[in-house]
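Subject: Structure handover and notes

Hello,

Here is the structure you were going to look at. My notes on it follow below.

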Amino acid sequence: MMGTEDKTLFCFCHWGGKNKVLPDGSTSYVGGITDQIIVKTGIKYNDFVNAVFDRLGIDPSDKVLQFTVKFDRAQLIRLRDQEGVDTLLQFNDGFAHVYASTSEKESNSAVAPNMDTTRVSTTEVEAVSLGSAEEEQVSADTPTPTPAASHQWITDGTPDAASNWSELLVGEGQAFENADAFRLAVFKYSIANKFHYRILHNKPRYISIHCAADGCPWKVSAGIEKKSQNVSIRKFVDSHSHPPLDSSQLKPRIRMKWLGGIMQEEILGSPDCLPRKVCEDAEKNLAIKLTYRQAWSVKQRIREAINEKSGESYKLIPWLCNRLTEAMPGTIATWSCTEENRFKRLFVSYDCSIRGFHVGCRPLIFIDVYNLNGLPNSSFIVASALDADNQMYPLSYGVLLSMNEDDLIWFLEKLKLVVQNREVVIVSGASLPFLSSLDKMFGDENHSFCFHCVKENFNKFVDGNTAFKVQGRGKEIALKYLTDIAYARTLDSYNESLGKICSFRRELYDWVIASQPERWSNALFRKPRWDQLNCNSMDALNSFLEEEKFGHVLELMEAYHEKLYTLLQNNKLKIEQWNLPIGPRVAEKIFENQKVGDNLAVTVLSDIEFKLRELQGREEVVNLKLWTCTCLEWQMTGIPCSHACSAITLADMNIFQYVADWYKRETQEHIYAEVMDELAKFDIPHPDDIVSSASSGNDVVLCPLSPHIKRPPGRPRKEPKGPQVETVKRPIRCSKCGGVGHNKRTKCSSVAQ
């Protein structure tokens, strides 16, 4: 290493904050403690370390120091010995930055306290190691670069960021954390300076790289230092005998794992980005042309690396469950694992949600099932109710690594603890195995099918059959008849709609009868559903969780807690904005019914009974004392129908007094009387400090290990697999004799012979 000239540096000392890389390549330290010391040439390593920790006032045990150099403020270099102090002095002018952090084992973990893993306008996503992070010697092969191990923040891959790569190689004596970091720096350097290179020597302790152009003098060689085991440049000739390559000539070759390490931040920031977008970004920013399959492979490798890196976070699930129950007694937060102590399933229901459900929510629960992209074949199950303004009220959620009957029964048993002795109606839109499990737990008389799913199956039946063809206007008419059957309130209107679809197409009538209409039609389902035939929580939950469904189990738990906290607080504040005794949504429905009721002809039968005649000639009778109407809408919804609104207006009564208490302001206040607090995670332990084995005295598992997840072959499904739809095949007809079951080349031809 070259000798350092005499100089004095103003050294910034940082501890406890986060280093953010700004779009222009500069860095900004946010939070924590920042102090200063004066460093002069000739200072000893021990004196320097003691001065830093004394100035910051922290214990040096289990702490490491890292520093930056003037030509790359985004990369942290480990300060190990006297040579590191000399490097800090040599490659900084005027001032320097030194960062104190926990030990390397903790800083590389999935829950490192000083690494910012959130995505904002700057590049703050922690780089994920796609290979072994333990190797510190130059290997004979070319393994995956480990930017996380070298504490390197990768920029967003824009042309401006690529131009910053032109200064990654400075000169002789420049040190790198390991061989992978050196190889990655050479690759980026070649991209920015537009030339190709070839590796001449790739030995365990020595690497030699030359320019690929014939006769070009550019070359760089590096080897392992004896004391620090870092890889440093021994010889660097930075001159070319040829001009830079243009975009058509620059076609660098790179391993998919390397490319994933460079592009991972953009992919993690946009989990829904298509492989085609990855191809465009790679060609635009790195001059690398990828096939669709290669781009999809890059995305998959990054997700697999996240799964491997975050595997230790499963040990924190019991700690988080205990923290939830301690913070809110009455909360149900439980998990289970396999015989191999691998995580299997999770169930969480907050005490405030349970209390709100019992004091004000209607006995109606919606259950939806979603796929977790981060965990193949796993499911995220959400149970929700409705508040007084018909808005989604999250009740509980669960994570199942499989959708077998045992796991589903386990989830429903936990949900039964939430419901307690209250009789509830379940509206679900899941697959057939889930429906049978619900029938066993809550009874088939209390289980309603989601009409949205019924309609989807109806569409698949119509489109998938070859025996008949219904398209365009005919299909719209068939769907209208199906909707009329679902929302028909009386048996007469149900039979009328059923007769229409039968006259339209007998096969559609047979499908409706076989689909168990007593589970989804208003006229046949005997339990109250308040006109809620669909799992309306689907769209609300998608906006509620946004992209968190792509995360891991621990991240999902934290995100759900944060979102639920915000939702409950906001809904509680919105109650003060109610100008009426009922909520805005219910009020809008009443105003619509009043507008329709103004066009009805009214006949007064008594002080409490009124007969109303519609324009089509249909008559309905309203009884204000019993809160009934012969159309049954008032009884089913708890909200006065158009006939009742007209009668109440004629009787000069307050219409809000005839609304069910489920929709009143007092009910909403009871539901949101108790809300949750923010989750305290200041004392969250490190996964390595948690025991992952069973107790010797009892077979009680202390904490789970990460599950064994194997990605299924082929591309993943875009939609979850639903119930199978029966398809009717078109019968074979003979064009010669008109018979069924043969054609003219089989039976008819044999008969003719």
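In which helix is H561 found? H561 is found in helix α18. Before going further, please keep in mind that this is a predicted model.

**The chain as a whole**

The protein chain has 23 helices and 23 strands. Of its 753 residues, 49% count as buried. Taking the contacts between residues at least 6 apart in sequence, 64% join residues at least 24 apart.

**Helix α18 and H561**

Helix α18 covers residues 553-574, which is 22 residues. From first C-alpha to last, α18 reaches 31 Å, close to the 32 Å expected at 1.5 Å a residue. Its buried residues are V553, L554, L556, M557, A559, Y560, H561, L564, L568 and N571.

H561 has a relative accessibility of 4%, and because the cut-off for buried is under 20%, H561 counts as buried. What does H561 touch, not counting residues up to four places away in sequence? The list is L324, M328, Y350, M676, D677, E678 and L679. With D677 there is also a polar pairing: a polar atom of the H561 side chain lies 3.0 Å from the backbone oxygen of D677.

**S336 in strand β13**

S336 lies in strand β13, residues 332-337. Is S336 buried or exposed? S336 counts as buried, with 15% relative accessibility. Leaving out residues up to four places away in sequence, S336 touches F343, K344, R345 and W410. Of these, R345 is joined to S336 by a polar contact of 2.6 Å between the two side chains. W410 is 74 residues from S336 in sequence, but the C-alpha atoms of S336 and W410 are 9.8 Å apart in space.

**K40 in strand β4**

K40 has its place in strand β4, residues 33-40. At 54% relative accessibility, K40 counts as exposed, whereas S336 counts as buried. Setting aside neighbours within four places in sequence, K40 is in contact with K7, T8 and L89. K40 and D6 are 34 residues apart in sequence, with 7.5 Å from C-alpha to C-alpha.

**The pair α15 and α16**

Helix α15 (residues 491-504) and helix α16 (residues 506-514) have axes that come within 5 Å and cross at roughly 135°. That angle makes α15 oblique to α16. Which residues meet where these two helices are in contact? From α15 there are L498, I501, C502 and F504, and from α16 there are R506, L508, Y509, V512 and I513. By type, the residues of this contact divide into eight nonpolar, no polar and one charged.

**Helix α21 and its cover**

Helix α21 (residues 642-650) is mostly covered, with seven of its nine residues buried. Those buried residues are S642, H643, A644, C645, S646, A647 and I648. What covers the buried residues of α21? The cover includes helices α19 (584-597) and α20 (633-637), along with the strands β20 (601-604), β21 (609-613), β22 and β23. Just after α21, D652 takes a positive phi of about 55°.

**Other residues with positive phi**

Most residues other than glycine have a negative phi.

K194 is found in the loop between α5 (179-193) and β9 (197-203). With a relative accessible area of 39%, K194 is partly exposed.

With a relative accessible area of 33%, W627 is partly exposed.

Regards

Technical notes: Residues are numbered from 1 along each chain as its sequence is written. This is a predicted model: local features need pLDDT of at least 70, side-chain atom pairs count only at pLDDT 80 or more; totals for chains, interfaces and linings use all residues. Side-chain values use heavy atoms; hydrogens and water are left out. Helices (H or I, at least four residues) and strands (E, at least two) are DSSP runs, numbered from the N terminus. Buried means under 20% relative accessible area, exposed over 50%, partly exposed in between (1.4 Å probe, protein chains only). Contact means heavy atoms within 4.5 Å. A polar contact is a pair of N or O atoms within 3.5 Å; within protein, one must be able to donate a hydrogen and the other to accept it, and residues adjacent in sequence count only if both atoms are side-chain atoms. The expected span of a helix is 1.5 Å times one less than its number of residues. Axes are lines fitted to C-alpha atoms, for helices over the stretch in contact, and angles run from 0 to 180 degrees between N-to-C directions. Angles under 35 degrees count as roughly parallel, over 145 as roughly antiparallel, 65 to 115 as roughly perpendicular and the rest as oblique. Ala, Val, Leu, Ile, Met, Phe, Trp, Tyr, Cys and Pro count as nonpolar, Asp, Glu, Lys and Arg as charged, and the others, Gly among them, as polar.
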